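Here is a brief report on selected features of one protein model. Keep the structure open while reading.

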Amino acid sequence: MVIEHLRVNHIENPIGFYMPSLSLSWIVTQAKGDRAQKARVIIALDEELNHVVSDSGEQEDISSLDYNPNLELQEGTRYYWQVQVCDDEGDSGVSETAFFETGKKLTKGTWIKAPFKKNVQPLFRKRISLEKRPASARLYICGLGVYEAFINGKRISDEYLAPYYNDYNLWLQIQTYDVTDNLSKGENCIGVMLGNGWYKGRFGFVDKMDKLYGDTCHMICELHVTFEDLSEVVIPSDESWLCAPSPVLESSIYDGEVYDSQKEIPDWSKVKCDEKDFVKAKKFKENSDLLMPRLSLPVKVIKKISPKKIIDTPAGEKIIDFGQEITGWVEFLCEEKKGKEITFWFGEILQDKNFYNENLRTAKQEFHYISNGEKRKVRPHFTFYGFRYMKVEGIKDIKLKNFKGCVLHSEMEQTGNIETSNKKVNRLFLNALWGQRGNFLDVPTDCPQRDERMGWTGDAQVFCRTASYNMYTPAFYRKFLYDMKLEQDELEGSVPHVVPDILGQIGVILYGKDDTEHKKAHGACAWADAGAIIPWTMYDMYGDKSLLEMQYGNMKAWADYIRKIDIEKCGDSYLWTYGDHFADWLALDNYHKDERFGATDQYFVASAYYYYSVSLTAKAASILGKKKDEKHYKNLAEHIKKAFIDEYYTKTGRLAQETQTALAIVLWLDLIPEGARQRQIDTLMKKLEAEKQHLTTGFVGTPILCPVLTDIGHPEAAYTLLLNEDYPGWLYEVNMGATTIWERWNSVLPDGKISDTGMNSLNHYAYGSIVEWMYRYMGGIEPCEDAPGFKHFRIRPYTDSRISSAKVEFASPMGKITSAWEKTSEGYLYTIEIPFDTKAVFEMTKDASMVEVNGEISHVKQSGEQIELTKGTYQINVSL
Ligand code: BGC
């Protein structure tokens, strides 16, 4: 038996994360038995587990998805833990020892800034002398906008763009780094460089802005060094620190970076540096109460890709094609002479075979590097780009081997993979995965390239289940939902369009604190409902009740807010008929009015989501044992359903809105009067027929359309939408050479021309939510609500004759699940893998003449019948 993936609040060996409570989880593999009988969790202060602070003892009901030891955590402390498991065959295992370490309040450090003009980005340094060799050392630090820290000339971690992006008015994240190995006895030096990031400069829908959250770079830190004899020294940031202007002359999330290596101060973060160019730092007034341990996952260079080719364009440009749209930057070997300026521009697509970047709107996406003549590897520091193509100027002899595309995103394990017999479908899966890689840089963003890159809640919501099959996401969304809850507290429970609410911040700067315009502009249906949908999805996918408890606040606040709007603005009608909504954003059925809004009435969508969010809140209340809330929200949901049906159906059961999206919504949420279900199914099928089996849906309708079609008994229609190769459809994009998911169905026209420059990104993951359908219907891997986190699950694969094989793999929080199928001469052969300690059923989706499970004939034959499966690998041979 192997016990692995020991996670604390969904992170392996976390250091310095915010841990108001503990949820421990692990995965058992290679066990002899099928299920866990007993488990024991030991937590100690030492790696040998001698100083035990918590011992569960052997217990039968410890959940491997969410074990909550009753332990009061001390700050700045490392805990070690181990899991022991016994199974039903008497096999047992002991995990390797894992650890977690708590963060620390900063009590000695002061905020410091450089006494330069506000647009100058500073370097800070501090020489320190240690009398003995350190036994252990930690740097606790926060630097705004963004920082990189060094000790003795070396970066202290492989993280980039810390302290990341949140509403800096509401909280500030401290990172903790183990720097024991960076220090030695004697003289040492700490160096910190600061850039603008999301904090200052411009970000959000503005052309120019000097002050965003603030206008001055500043930092705070404490270096805690412990020696063998347990004595400790603390070196805090204070006015004895020195500062100098950085060689980063300009930096901006949208516009890129200007780096003049001629302006570098030799050895600036090493002891031996000549400090003549440095001046003393000054104190800065910042609210230290906002500081707390981090929640953001580390952002790292997760992959490096090699460029594909150099293109000489008709306009005489030199362009490097990376063959894949990525988010990050380019690292290159600079061999240019002193004083030579090298410039890179980044774009997503070529137009007329030339470089093109007009669809970035005001975002410049540039990198300027001025060489000091030294041959070295170069990369930018405080920016990132969304791109496939890079225009190069200033390098005479471009050698592809000197360039690497660095893919930057929050560190998360990839948990899903899909491969089918259809190469284009495989490419579509990869496009959505690349969309996730490109847009999970600390905040789930709409896009990574134009002057936007914000945490649009609607986009985040529609993609979160796909994302959670693809990657292990709970800690990533935990941070996003924490941000969201703080914003909700400012907005009486409402959820802003983007989280962190930069649009609100800009409103405050432009119009003052009582910016009523902004205050009206939040709480849009299907966007703000992220407040209920993401917590619920996390619970369903990861089965962590303590996380649900934590995020129940988001759900309740949001549900109560809509109810308040209903009472105050909608006549207590149990309908949501107020405000401006995006509704079925970018749907294709309303071109003649406003091409961005679909034809489905916004209040129809709003009222349906009112019902959905309140229903989810009721379910969450029930799971958390909040009886009063459960009753309240259930009752409320019933009222909404009744009001919805009264408002939107004729007496004979005809829906007043007959768009694909409206029909999909009512079928999905069962917002249908008794006896009228078939009528809606028939109408939806007719609507599809009228479009020659093509979708017309936008952000709201698209994610649910294929699931609904499959659930109502028309999987072939879902497959047709998936496999359509012409416009509008997913494979149209693939045929047009897309390497990520486009924002619009027609982002690029058949002649290769970009359809619009106003709002047209080629890396918008929202429509990538079709991948959720692939996992849940093509592979059929679906968690069961009675035991979420795949403790119980169903495998109900829908096959289609147009695809001869599919392999859907998912490393669930209980272990690896595989659902693979291939066409045989008689029917289909399924290969199914079920992990330890789960209960699963394989459900038939077609009637069969014979079913064999691992060579033995089964009595199961009819569609809808189930075969129970426990741990193991199964070959299920179905003859049709
Ligand atoms: C974003 C979207 C977002 C939308 C709101 C756009 O500018 O890029 O993805 O959800 O605005 O309607």
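## Nonpolar cores

The largest nonpolar core has 279 residues, and Trp26 and Trp81 touch the most other members. Helix H8 (residues 602-623) gives the most to this core: 13 residues. Another core, of 8 residues, lies apart from it, and its members include Tyr732, Ala738, Val748 and Ile754. A nonpolar core here is a set of buried Ala, Val, Leu, Ile, Met, Phe, Trp, Tyr and Cys residues joined through side-chain atoms within 4.5 Å. Buried means under 20% relative accessible area, exposed means over 50%, and partly exposed falls in between (1.4 Å probe, protein chains only). In soluble globular proteins, nonpolar side chains tend to be buried together.

This is a predicted model: local features need pLDDT of at least 70, side-chain atom pairs count only at pLDDT 80 or more, and totals for chains, interfaces and linings use all residues. Residues are numbered from 1 along each chain as its sequence is written, and side-chain values use heavy atoms, with hydrogens and water left out.

Helices are DSSP runs of H or I with at least four residues, strands are E runs of at least two, and both are numbered from the N terminus. In H4, Ile502, Leu503, Gly504, Gln505, Ile506 and Gly507 are buried. Leu510 also belongs to helix H4 (residues 502-511). Is Leu510 buried or partly exposed? Leu510 is partly exposed, because its relative accessible area is 47%.

Ile509, Leu510 and Tyr511 make up a nonpolar surface patch with about 310 Å² of accessible area together. Such a patch joins nonpolar side chains (Val, Leu, Ile, Met, Phe, Trp, Tyr) within 5 Å, from residues with over 30% relative accessible area and no salt bridge. A salt bridge puts a side-chain nitrogen of Lys or Arg within 4 Å of a carboxyl oxygen of Asp or Glu. Areas come from the Shrake-Rupley method with a 1.4 Å probe. Gly512 follows H4, and its phi is positive, near 90°.

## A four-stranded sheet

An open sheet of 4 strands runs in the order S35-S36-S40-S43, with mixed pairing. Its edge strands are S35 (781-783) and S43 (866-869), and each pairs on one side only. Two strands pair if DSSP finds at least two bridges between them.

S35 and strand S36 (residues 792-795) pair in the antiparallel sense over 3 bridges. Glu782 has Arg794 in S36 as its bridge partner.

## Strand S7

Ser92 lies in strand S7 (residues 92-94). Ser92 is partly exposed, at 42% relative accessible area. Ser92 and Ala36 are 56 residues apart in sequence and 9.1 Å apart in space, C-alpha to C-alpha.

How values were computed. Patches are made of residues with over 30% relative accessible area and no salt bridge: like charges are joined within 9 Å, nonpolar side chains (Val, Leu, Ile, Met, Phe, Trp, Tyr) within 5 Å.
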